[in-house]
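Here is a short tour of one protein model. Keep the 3D view open and find each part as it comes up.

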Amino acid sequence: MLIDTHCHLDFKDFGPDRYEVIRRAKEGGISAIINVGSSMEGTRRSVELAEQNDFIYAAAGIHPHDADSVTEEDLTSFTKSLDNKKVVAVGEIGLDYYRNLSSKENQKKLFVRLLKEAKERDLPLIIHNRDAHKDTLDILKTDIGSSIKGVMHCFSGDGVFLKKCMDMGMFISFTCNLTFKNASRLRELAKTVPMERLLLETDAPFLAPQVFRGKRNEPAYLRYLAEEVARLKGLGLDEVARITTDNAKGLFGLC
Ligand code: NI
């Protein structure tokens with residue numbers, strides 16, 4: 001049994017067959033899914049999905065892309081959503097200097113604000129970071145501290161950044177992009193992450209595994225990632241499933 005710690009089943013990509021996808025996940029050995037809100041609307045729909053499905057949990061987040069347009073009203077309903085029992089994390093939140101869809105100033109302001117809400121409730125964090133390594137870690141250090149209960153999602157970065165994240169106690173999660181033909185650098189990094197710090201995620205509908213490259217990803221494909229990790233670590237699939245499932249349960253408090 002595996003846990004998909006990050007996907008977006010609320011996206012319109014799943015509009016035509018969402019319940020088929022959920023059924024395939026269940027039948028394919030996915031024991032829990034965290035559906036991650038990446039906008040106010042996404043958070044609302046994540047909570048809805050979590051309420052409708054026992055094995056789905058929600059993370060409440062507002063993506064840095066939305067930082068320029070977020071309103072006080074959004075922040076109020078975001079805060080309210082944190083009281084829902086199925087909300088197990090704050091995310092995805094962070095900084096994205098790759099696409100820069102909102103100004104850096106507003107991205108940082110929003111990140112700080114959402115971190116404050118997480119801290120008050122001691123909720124784990126799901127961090128989105130693209131090309132913003134230094135600012136992301138600086139803000140985390142200033143606003144949360146040098147020990148972080150959370151995960152650096154869809155890890156992208158070098159060994160130095162990886163070490164800094166691990167020194168702060170973070171979990172590291174890789175997506176099915178670890179199976180890409182050209183991902184040898186990422187695979188080398190993944191090898192260095194201790195199993196006790198590793199989480200698995202699809203980030204579906206994005207980043208389908210190599211065998212389905214370019215197609216829509218879905219939680220049932222998480223096993224391709226687990227198989228890749230097993231191969232890299234020289235472990236059995238069972239062992240990878242057991243450890244990463246324990247990690248996810250521990251971080252997000254799933255039962
Ligand atoms: Ni995501």
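Start with a term: a residue is buried under 20% relative accessible area, exposed over 50%, and partly exposed in between (1.4 Å probe, protein chains only). The model is predicted, so local features need pLDDT of at least 70, side-chain atom pairs count only at pLDDT 80 or more, and totals for chains, interfaces and linings use all residues. Residues are numbered from 1 along each chain as its sequence is written, and side-chain values use heavy atoms, with hydrogens and water left out.

**Salt bridges**

A salt bridge is a side-chain nitrogen of Lys or Arg within 4 Å of a carboxyl oxygen of Asp or Glu. This rule gives 22 salt bridges. Three of them are listed here.

| Pair | Closest N to O distance |
|---|---|
| Asp17 and Arg216 | 2.9 Å |
| Arg121 and Glu117 | 3.1 Å |

Helices (H or I, at least four residues) and strands (E, at least two) are DSSP runs, numbered from the N terminus. Asp17 sits in the loop between strand S1 (2-7) and helix H1 (18-27), while Arg216 sits in the loop between strand S8 (198-200) and H8, so their bridge ties together parts 199 residues apart in sequence. Arg216 is partly exposed, at 26%.

Glu72 belongs to helix H3 (residues 72-81) and Arg113 to helix H4 (residues 104-121), 41 residues apart. Glu72 is exposed, at 52%. Arg113 is partly exposed, at 27%.

Arg121 and Glu117 share helix H4, four residues apart, about one turn of the helix. Which of these two is buried, and which partly exposed? Glu117 is buried, at 6%, and Arg121 is partly exposed, at 28%. Shared partners join Glu72, Arg113, Lys116, Glu117, Glu120 and Arg121 into one network of salt bridges.

**Nonpolar cores**

In soluble globular proteins, nonpolar side chains tend to be buried together. A nonpolar core is a set of buried Ala, Val, Leu, Ile, Met, Phe, Trp, Tyr and Cys residues joined through side-chain atoms within 4.5 Å. The largest one here has 71 residues. Leu9, Leu125, Leu140, Phe155, Ile172 and Phe174 have the most contacts inside this core. Helix H8 (residues 222-233) gives the most to this core, with six residues. A second, separate core has 16 residues, including Ile34, Tyr57, Ala59 and Val88.

Look again at Leu9. Contact means heavy atoms within 4.5 Å. Leaving aside neighbours within four places in sequence, the contacts of Leu9 include Phe14, Ile33, Leu49 and Pro219.
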